[in-house]
Amino acid sequence: MATKVISFYDKFKCIASDCPSTCCRGWRISIDEETVSRYKKEPGKEGMRLKATMTFGKNKDVRKFFGRCANETKDGLCRLELMGRQELMPEVCRIYPRRSIKIGDDLEVTFELSCPVTAELFLENVNNIRLIDYDGEEIDPVWIQDKFNEKYYNDILKVREKVIDFIKSDIPLPEIMNNLYLYYRELHSHVMQQDIDITSIPISGRAGIEDKGRYNFYSIAIIDKVIMNDLDDGRFRSQDPLRDFRKEYNRIFGQMTADEADRFFHRKCEEMAKAHPALSDKYKAYLSYYTYQMIYASYETVTFYKEYLMGIVYLMVLMLTDLVDYVNLKDMEDIKRQVNNLNAAEKRLRHNVSVKKNIQKRIEREFIKEKEGYKF
Ligand code: SF4
């Protein structure tokens, strides 16, 4: 099996009890079937204890006590890991924050950026976002894509390389976002109809003059609903960076009309790009990273177009976290500030199933249907 990993894979080390945003809290942790059957077979007191940590019903989750995993110790560590019983940890906990997908004989491993350590590694490596060969310790796949069609698989890898080269080129970010949207839309229709060689579809030269330079791929009216309705799941901690972001965003944009907000966003993005060119590198790196993950994960479902549109929502929220800090004269080079924003936004928006569904519906209703005249 050929394994490829993200370039900074070997640098990851979990900081466990020192983690400011531990993965043991704040979301649903499902227990895979294999682990459930281990719990059922475990004898004695430990067996009873493990069974009590599972929720009722067919699909099992780890029970939460005051939002904390039932296996979390008072010191914020994993009881099962401390006991050296990693085999009793749900698969997702053993693998997290790795994201490993197997297609045919290939395995690709990247990281979820919802972990503060991986978010920091990503930000330290924005100029080195690529996959590299790996021959270290075996990594279990979390997702296995069963259907394998060699030609289609190779075509998809070629398409991905083409998209990544396009993102990494000198073309400005607004032009990239708009061209890719039109490209994915066409790619999607050809893949569905299987009518031409998808690797031959060109990317550049699609966006019109007006669209080319616009930072607001989506109008702020759409992103506003994501920030004001979807970002807050009612569990903001007092120190949550998104809590302050949302408040400050509302203070800055709250009194503007939709047009004023669009113009303001675009103007400030241009200003930021001039004053802090490294921010454009970060946004492009985010788009490349997202592309690596998204195209591979969508191989079987062919949802590139829709997933791309979701990626631009995440990207625009990330840009807005910077914009709000820029307007508030924060230190834009401060890596901690950027780690906190990225890690929190990924956790809240991209890895929260119900929030993701809400955003998807919003995009279908307010963008695809509006722009394309049909619903996916
Ligand atoms: S979020 Fe990352 S660093 Fe924090 S406990 Fe989980 S894996 Fe470790």
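## Packing of H13 with H14

Helix H13 and helix H14 (residues 335-350) have axes that come within 10 Å and cross at roughly 145°. Helices (H or I, at least four residues) and strands (E, at least two) are DSSP runs, numbered from the N terminus. Axes are lines fitted to C-alpha atoms, for helices over the stretch in contact, with angles running from 0 to 180 degrees between N-to-C directions. The crossing of H13 with H14 is right-handed; this term applies if the near helix is turned clockwise from the far one by less than a right angle, and left-handed if anticlockwise.

On the H13 side, the contact is made by Tyr314, Val317, Leu318, Thr321 and Asp325, and on the H14 side by Arg337, Asn341, Leu342, Ala345, Leu349 and Arg350. Two residues are in contact if their C-beta atoms, placed from the backbone, lie within 7 Å. By class, 6 nonpolar, 2 polar and 3 charged residues form this contact. Here Ala, Val, Leu, Ile, Met, Phe, Trp, Tyr, Cys and Pro count as nonpolar, Asp, Glu, Lys and Arg as charged, and the others, Gly among them, as polar.

## Basis of the model

The model is predicted: local features need pLDDT of at least 70, side-chain atom pairs count only at pLDDT 80 or more, and totals for chains, interfaces and linings use all residues. Residues are numbered from 1 along each chain as its sequence is written.

## Packing of H7 with H13

Helix H7 (residues 173-193) packs against H13 (residues 304-327) at an angle of about 160°, the axes being 8 Å apart. The two helices are therefore roughly antiparallel, a term for angles over 145 degrees. Their crossing is left-handed.

From H7, Met177, Leu180, Tyr181, Tyr184, Arg185, Leu187 and His188 meet Phe304, Tyr305, Tyr308 and Ile312 of H13. This contact comprises 9 nonpolar, 1 polar and 1 charged residues.

## Ligand shell and backbone geometry

The ligand is surrounded by Cys14, Ile15, Ala16, Cys19, Ser21, Thr22, Cys23, Tyr96, Pro97, Cys115 and Val117, each with its C-beta atom, placed from the backbone, within 6 Å of the ligand. The shell holds 9 nonpolar and 2 polar residues, and no charged ones.

Most residues other than glycine have a negative phi, and most peptide bonds are trans. The bond from Tyr96 to Pro97 is cis, with omega near 5°, and Pro97 lies in the loop between helix H4 (91-95) and strand S4 (98-103). Val302 has a positive phi, near 50°, and lies in the loop between helix H12 (277-297) and H13.

Technical notes
Parallel < 35°, antiparallel > 145°, perpendicular 65-115°, else oblique.
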